[in-house]
Amino acid sequence: RRTRKDGSPINVSLSTAPLWDGQGRIHGIVAVLADVTEHKRTEAALHFERHLLNVLFDNIPDAVYFKDRQSRFIRCSRATVGGCGVSDLTQVIGKTDFDFFIEDHARPAFEDEQRIIRTGEPMIGKVEKEAWADGHLSWCLTTKMSLRNEAGETIGTFGISTDITALKQAEEE
């Protein structure tokens with residue numbers, strides 16, 4: 001970190017190398033200073049955006065998830081991890097709904113995601129009865145959309161599922 005003549009701060013990158021003479025002796029150095037202020041600003045903004053995303057994923061009570069083209073989890077919220085009955089994100093990444101739900105729930109969810117990948121059309125506000133591999137049942141309200149890269153190519157899906165089990169139980173009563 002340096003200060004310009006006008007007193008404003010600047011971030012610099014300094015690179016040095018020895019300057020050799022014809023007999024193999026160092027007789028000076030070459031120094032290159034590069035202004036990296038904008039790079040540092042961009043880096044700080046990216047760090048802040050990543051922090052915000054992590055705060056969201058760690059605290060939102062809904063299941064938020066990103067999946068690849070084969071419907072394997074690539075990132076998800078803490079609520080998704082807990083809902084899957086595991087304690088760590090690494091136990092979810094690379095797996096599919098077939099690892100956590102019975103076939104009767106996993107198959108239609110997979111088919112919905114594959115349709116979204118093929119067509120790009122979102123699935124919004126679908127009420128789903130979830131039948132988990134451990135035998136318990138729950139209800140959720142799910143929205144899923146196409147996940148696209150910067151070039152606009154579909155690389156998977158992302159979604160959010162809100163647990164509405166208490167609401168469904170109240171309706172039944």
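**Paired strands and pockets**

Author: M123 has K144 as its bridge partner in strand 8. The model is predicted, with pLDDT of at least 70 needed for local features and 80 or more for side-chain atom pairs, while totals for chains, interfaces and linings use all residues. Residues are numbered from 1 along each chain as its sequence is written, and side-chain values use heavy atoms, without hydrogens and water.

Reader: Why are strand 7 and strand 8 called paired?

Author: Pairing requires that DSSP finds at least two bridges between two strands. Strand 7, residues 123-131, and strand 8, residues 137-148, have seven bridges, so they are a pair. Their sense is antiparallel. A strand here is a DSSP run of E with at least two residues, a helix a run of H or I with at least four, each numbered from the N terminus.

Reader: How do you know that strand 8 and strand 9 pair as well?

Author: Strand 9 covers residues 154-163, and nine bridges join strand 8 to it in the antiparallel sense. Within strand 9, F158 is the bridge partner of M145.

Reader: What do the turns of these hairpins contain?

Author: Five residues lie between strand 7 and strand 8, and G135 in that turn has a positive phi of about 105°. The hairpin of strand 8 and strand 9 also has five residues between its strands, and there G152 takes a positive phi near 85°.

Reader: What makes a residue part of the lining of the largest pocket?

Author: A lining residue has an atom within 4 Å of a pocket point; a pocket is an open set of 1 Å grid points where a 1.4 Å probe fits, with protein on both sides within 12 Å along at least five of seven lines. For the largest pocket 27 residues qualify, and A63, F101, E130, W132 and S161 lie nearest its centre.

Reader: Which elements supply this lining?

Author: At least two residues each come from strand 5 (63-68), helix 2 (78-83), helix 3 (103-119), strand 7, strand 8 and strand 9. Strand 8 has the largest share, with five residues.

Reader: Which residues line the second largest pocket, and which element gives the most?

Author: Among its lining residues are F57, D58, R75, C76, S77 and R78. Helix 1 (37-59), strand 6 (73-76) and helix 2 are the elements giving two or more residues to this lining. Helix 2 gives the most, three residues.
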